[in-house]
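Hello,

I am handing over the structure we discussed.

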Amino acid sequence: MNPGYRKERIDRGIKVRSDDVFVLASMRDLLYVVLPRALVIILLLIFPAFQDILGSYWQNVMLSTMVIALLALSWDLLAGIGLVSLGQSLFFGMGGYLAGYLSFTFGWGPLYTLPVATVGGALLSTLTLYPILRLRGIYFGMITFAVPLLLSRVIEVTKILGGTEGMSSLPSFPNTGFELYLVMAVLFVTVYAYRMLVGTDYGLVFNAIRDNDRAVVAAGYDIQWYKAQGVFIAALPACFAGAFMTHHFQFVGMPAFALDYSILPLTSVVIGGVGTFFGAVLGSFVLVPLSELLREFGSLRVVVYSLMLLVFTIGLPEGIFRFVLRKYHQFERLVPMEEASNE
Amino acid sequence: MNNKTILQLVDLSKSFGAVKAVNGVSFELKRGEALGVIGPNGSGKSTLINLITGFVRPTSGKVIFKGRDITGIPPHKAVNLGIARSFQLARPFYNIPVYKNVVIPVYSPRARKHLGAKYGDRDEVAIHLLEDVGFERDSQVPYKNAGELPHGYLKRLELARCLALDPDLIILDELFSGMSMSEIASILPLLERIREEGKTLIMVEHRLSELFRVVDKTVVLNFGKKIAEGTPRQVMAVEEVTSAYLGSEVISNA
Ligand SMILES: Nc1ncnc2c1ncn2[C@@H]1O[C@H](COP(=O)(O)OP(=O)(O)O)[C@@H](O)[C@H]1O
Ligand SMILES: [Mg+2]
């Protein structure tokens with residue numbers, strides 16, 4: 001046997017002492033816990049200040065990244081209830097069209113359309129999905145996949161809501177900096193609210209439905225009603241995203257129901273990791289800029305999405321976020337083989 | 001039917017295709033009584049529970065609970081009227097800590113309405129209930145994910161989740177199967193106590209000698225039909241009962 005070294009992984013002290021509540025013993029511990037959070041927040045906050053350096057192209061990439069992140073958060077919440085959505089564009093389109101319609105018909109500005117389209121769009125989406133909430137697994141997924149495609153065909157054929165032309169010349173936001181900060185604020189609020197929600201007993205019921213819906217029924221819950229509430233809560237940020245983009249483009253049309261708004265959020269969560277919400281955001285920040293870099297490959301980008309889906313579901317099913325978190329809480333050292341075998 | 005009757009089944013039937021899983025079963029149960037339901041595998045015991053609790057809609061017949069026709073009501077409504085059930089195959093929330101498994105029923109509409117302020121801190125109430133069914137508070141067990149529990153613990157978790165609902169009628173589907181002798185022995189006094197609180201109990205069991213220590217009345221099913229009803233001693237004297245069991249089950253001496 002050749003005497004060698006092997007890698008040993010050790011959890012950092014404060015991680016060992018407690019899993020959720022950090023026990024802080026020193027300034028170093030404090031930095032260790034606070035630094036990664038602070039860094040992310042600071043980076044995001046100062047980003048718009050670099051507008052001139054970055055140019056409008058990367059500002060727009062940043063905007064679409066955060067919009068996809070909102071859709072990904074929405075997807076992650078639904079998955080937490082056991083509802084796998086293949087049609088996030090339903091929410092995006094509902095919010096987008098409602099904002100567009102209100103703006104086009106009544107001349108409302110974003111100040112009014114955004115809140116109304118967020119809540120109203122979420123209500124409409126929930127009503128649309130209500131009949132299929134009974135379905136589980138792939139059946140729910142398939143219908144959510146079909147509904148946005150169906151809606152855009154209906155709009156095309158009946159020529160309602162502007163038909164194939166859509167509705168244009170809608171009021172816009174003051175400037176790009178404002179847009180960036182607005183979406184960022186909504187992103188922060190959504191992550192925070194969702195993390196809070198899953199920590200409550202109310203949020204626990206959602207998780208329990210995913211685990212074993214009949215046992216939740218046996219505890220006296222009307223799970224149909226709970227799922228409807230979950231869909232509504234999940235639809236809120238996604239409908240906001242749609243409404244926001246309507247005013248950003250000053251236009252809404254059939255592309256609001258496009259497949260991209262369903263595939264990108266799903267892929268983002270797979271990349272970042274399911275069930276943490278941070279993973280959903282992280283995944284979007286990896287996937288969307290990457291797909292921008294690959295823009296010249298045109299429709300070949302779908303191949304990239306598929307490959308990433310494949311690589312991550314097989315190679316790193318926990319997602320980037322959990323992986324990085326685990327590594328951050330551990331350090332490695334080399335120990336001689338003999339010492340190791342003595343343990 | 002008098003006012004002491006809590007549950008009445010009238011000619012209850014359920015067919016799955018050609019299989020008559022439950023075939024014209026009728027019986028009455030008084031408040032505070034404990035009923036044992038026995039029969040060979042596939043004789044329709046679990047289906048009968050599903051019919052009473054609304055998980056399966058009967059093909060024909062009636063379920064009357066507290067004088068009210070509840071035939072075919074949605075299962076969550078049956079719970080809110082005071083019927084709690086456990087599952088033959090334990091249905092824990094595998095990815096959720098054990099005590100949070102119990103928080104689900106503690107937080108349920110029935111528990112909140114029925115017990116209200118009596119239920120203080122829900123985590124604390126859940127741990128109490130787990131202690132009642134024999135989980136040690138100071139061990140790590142209540143804080144583990146339910147997926148890590150051995151089978152006997154899962155069955156006791158099922159019981160704790162029923163009790164959290166403060167039901168009037170408790171229906172337990174093969175609670176003892178998967179439990180060790182000592183686990184069963186530790187549960188028996190709890191079942192006694194539940195009865196003393198005036199709760200009505202229905203137990204489906206294969207462990208007859210243990211069952212007969214709890215129940216005062218037994219219904220025997222075979223091929224979906226009720227073939228006998230009476231005290232344990234009475235039903236075990238019926239020849240059809242013993243022959244139904246022959247070959248499929250070994251009758252423990254009651
Ligand atoms: N959901 C179902 N679909 C089809 N057949 C069923 C279903 N549930 C039960 N059965 C059939 O009904 C009969 C009674 O089953 P069950 O009530 O589980 O019996 P027991 O609990 O007494 O073992 C069996 O023949 C079983 O195969
Ligand atoms: Mg059974």
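Below are the notes on aromatic pairs and on charges over rings.

This is a predicted model: local features need pLDDT of at least 70, side-chain atom pairs count only at pLDDT 80 or more, and totals for chains, interfaces and linings use all residues. Residues are numbered from 1 along each chain as its sequence is written, chains are lettered from A and ligands numbered from 1 in the order written, and side-chain values use heavy atoms, without hydrogens or water.

The search of the whole structure gives 18 aromatic pairs over all chains. Rings of Phe, Tyr and Trp (its six-membered ring) pair if their centres lie within 6.5 Å; planes under 30 degrees apart are stacked, over 60 edge-to-face, the rest tilted.

One pair is F206(A) with Y226(A): centres 6.3 Å apart, planes at 70 degrees, so edge-to-face. F206(A) is in helix α8 (residues 201-211) of chain A and Y226(A) in helix α10 (residues 223-249) of chain A, so the pair ties together parts 20 residues apart in sequence. Helices are DSSP runs (H or I, at least four residues), strands likewise (E, at least two), numbered from the N terminus. Both F206(A) and Y226(A) are buried (under 20% relative accessible area, 1.4 Å probe, protein chains only).

F55(B) and F87(B) also pair edge-to-face, at 5.7 Å centre to centre and 80 degrees between planes. Both F55(B) and F87(B) are buried.

Ring pairs link Y101(A), F106(A), W108(A) and Y112(A) into a cluster.

Now the charges. R156(B) lies over the face of F135(B), 5.6 Å from the ring centre. R161(B) lies over the face of F93(B), at 4.9 Å. The criterion: NZ of Lys or CZ of Arg within 6 Å of the ring centre and within 35 degrees of the ring normal.

Best regards

Key: Buried means under 20% relative accessible area, exposed over 50%, partly exposed in between (1.4 Å probe, protein chains only).
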